[in-house]
Amino acid sequence: MRQSSLVVVANRLPLDDNAAMDGACEWRRSPGGLSSALHAILEQTPATWVGWGGSIGGARELPDIGSLRLRPMALSEDEMRGYYEGFANSTLWPLYHDAVEQPVFDRGWWETYRTVNQRFAEAAAEVAEPGAAIWVQDYHLQLVPQLLRELRPDVRIGFFLHVPFPPPELFMQLPRRVELLRGMLGADLVGFQRPQAAHNVAQLATKLLGGHGGDEEIMLDGRTIRTGAFPVSIDVAEMRSLSARPYVVNQARQLRRDLGTHKRVLLSVDRLDYTKGIEHRLTAYSELLRDGRVKVRDVVMVQVAVPSRERVESYRSLRDRIEGEVGRINGEYGRVGEPAIHYLNQPFDRADLTALYQTADVMVVTPLRDGMNLVAKEFVAARRDDTGALVLSEFAGAAAELEDAFLVNPHDVDGLKETLLRALAADASELSARMKAMRAHITSHDIHAWARAYLTALDETGRLAQHLP
Ligand code: ADP
Ligand code: G6P
């Protein structure tokens, strides 16, 4: 068994399952923030990534990607239902996102979640060399840190939550709140997107586990756990180099011609998820059309909504509602050869996504709750000049960093409409000032800075521990 000094454990491997039939393994990113973020730092790092390949049943061996080894995990049909679709995506995901969709508490799912977490912990323990760092990712694997501590007391354990951590009154609804909190606090370092999350966890650790401490350190069972905010980011250099590629530049020009050179383009790019506020923005756009405040001859919307978690009922019904609404808006306001919305329910490769970002006049990012939202950062990085406006929900983690976006409360449809109009009407000097400030921020806070900050902090927990009596 080959072992690594850095092991990443995430529910999903960063590539599509069908990429490895003939042994030729192509790095094809699965859509989603976690995969986008970690891909950038791990492609060149000697490490092992433990995760699920995306299909049901046995796991095939996968060849290395550069210096990164892949350790695929199998999930059975029952595990998919109980662990991934059930506890992770029908209980934790909605609850952690402010319960914008009702979380389901199904007692049967818990046991499966626990069993799968145990298997991931065992696999990680197997591939970690003595004294290694093991970095566990996200809400699917919240029990893994504690399980790993029991299996491998010699390793340093990091946990990073890509999604929001909810306020205590919401977390308290969870029937398995004690186990989940204790599981996560098995780590030496627990990282979040926002400082508020660390605050929430400190309060819960006191209330539920009898720990003590504050927003940076929690003392529990004779151990010190470091906590803190490490806002995740994107590979700015990769986006820049993509955006300068002749293919991308030509593709952006072509898209512009196809959409109508004289038109203003509103663009949204999301996984098709109820947290993304897609319906709220469609309502705002539709009302602007209804009231004649925007006209189909002047403005067009492009909504990219990549399929996601399609076996979960709330995702299926969301898709039906969105597709119905897009059809209604096009039916009412579109003209022959001139739809009000182009709706694209498909994955895009990075180059085509970058070309789309370059085509937009206004990027509309309106999640009701989002840990970070990397799409907003990708849009800024993909622009080669200082044109373009970003309309961004206050409820995305990214809003704390991209303060020069047109910030908006997506629940306030009237406010959203006014903000869209303001962004459409903003003059070039205002847009340029906003874009410059946002670009400067992401340039100094890119994915490499994030990984460095996190892994340095994790390393320091080891050094601190050595100095303890
Ligand atoms: P989430 O993590 O909730 O999916 P983020 O905005 O943080 O939201 O990350 C989404 C990631 O998925 C981004 O890196 C984005 O480029 C990628 N993505 C979104 N839509 C598509 C698509 N249609 N095809 C390919 N990648 C996509
Ligand atoms: C979010 C989560 C990730 C997840 C991604 C895509 O970014 O934080 O953990 O991988 O969505 O979702 P999926 O269910 O397809 O893995």
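This is a predicted model: local features need pLDDT of at least 70, side-chain atom pairs count only at pLDDT 80 or more; totals for chains, interfaces and linings use all residues.

**Helix packing and ligand shells**

Let me begin with helix α13, residues 374-382, and helix α15, residues 428-444, whose axes come within 9 Å and cross at roughly 110°. The axes here are lines fitted to C-alpha atoms, for helices over the stretch in contact, with angles running from 0 to 180 degrees between N-to-C directions, and helices (H or I, at least four residues) and strands (E, at least two) are DSSP runs numbered from the N terminus. Because of that angle, α13 and α15 are roughly perpendicular to each other, a term that covers 65 to 115 degrees, while angles under 35 count as roughly parallel, over 145 as roughly antiparallel and the rest as oblique. On the α13 side the contact (heavy atoms within 4.5 Å) is made by Lys377, Phe379, Val380 and Ala381, and on the α15 side by Met435, Met438, Arg439 and Ile442. By class, this contact has six nonpolar, no polar and two charged residues, where Ala, Val, Leu, Ile, Met, Phe, Trp, Tyr, Cys and Pro count as nonpolar, Asp, Glu, Lys and Arg as charged, and the others, Gly among them, as polar.

Residues are numbered from 1 along each chain as its sequence is written, chains are lettered from A and ligands numbered from 1 in the order in which they are written, and side-chain values use heavy atoms, with hydrogens and water left out.

A second pair is helix α2, residues 77-96, with helix α3, residues 107-127, packed at an angle of about 105° with axes 8 Å apart; α2 and α3 are therefore roughly perpendicular to each other. Among the residues that meet there are Tyr83 and Phe87 in α2 and Trp109 and Trp110 in α3, and the contact of α2 with α3 has eight nonpolar, six polar and four charged residues.

Turning to the ligands, which residues are the closest to ligand 1? They are Gly33, Ser36, Arg271, Phe348 and Glu378, out of 19 that surround it (a heavy atom within 4 Å). An oxygen atom of ligand 1 is 2.7 Å from a polar backbone atom of Gly33, and a nitrogen atom of ligand 1 is 2.8 Å from a polar backbone atom of Phe348. The protein covers 93% of the 570 Å² of accessible area (Shrake-Rupley method, 1.4 Å probe) that ligand 1 has on its own.

Around ligand 2 we find, among others, Arg12, Gly33, Tyr84 and Arg271. A polar side-chain atom of Tyr84 lies 2.5 Å from an oxygen atom of ligand 2, and an N or O atom in the side chain of Arg12 is 2.8 Å from an oxygen atom of ligand 2. The protein covers 91% of the 380 Å² that ligand 2 has on its own, and α1 and α2 are the elements that give two or more residues to its shell.

Notes: A polar contact is a pair of N or O atoms within 3.5 Å; within protein, one must be able to donate a hydrogen and the other to accept it, and residues adjacent in sequence count only if both atoms are side-chain atoms.
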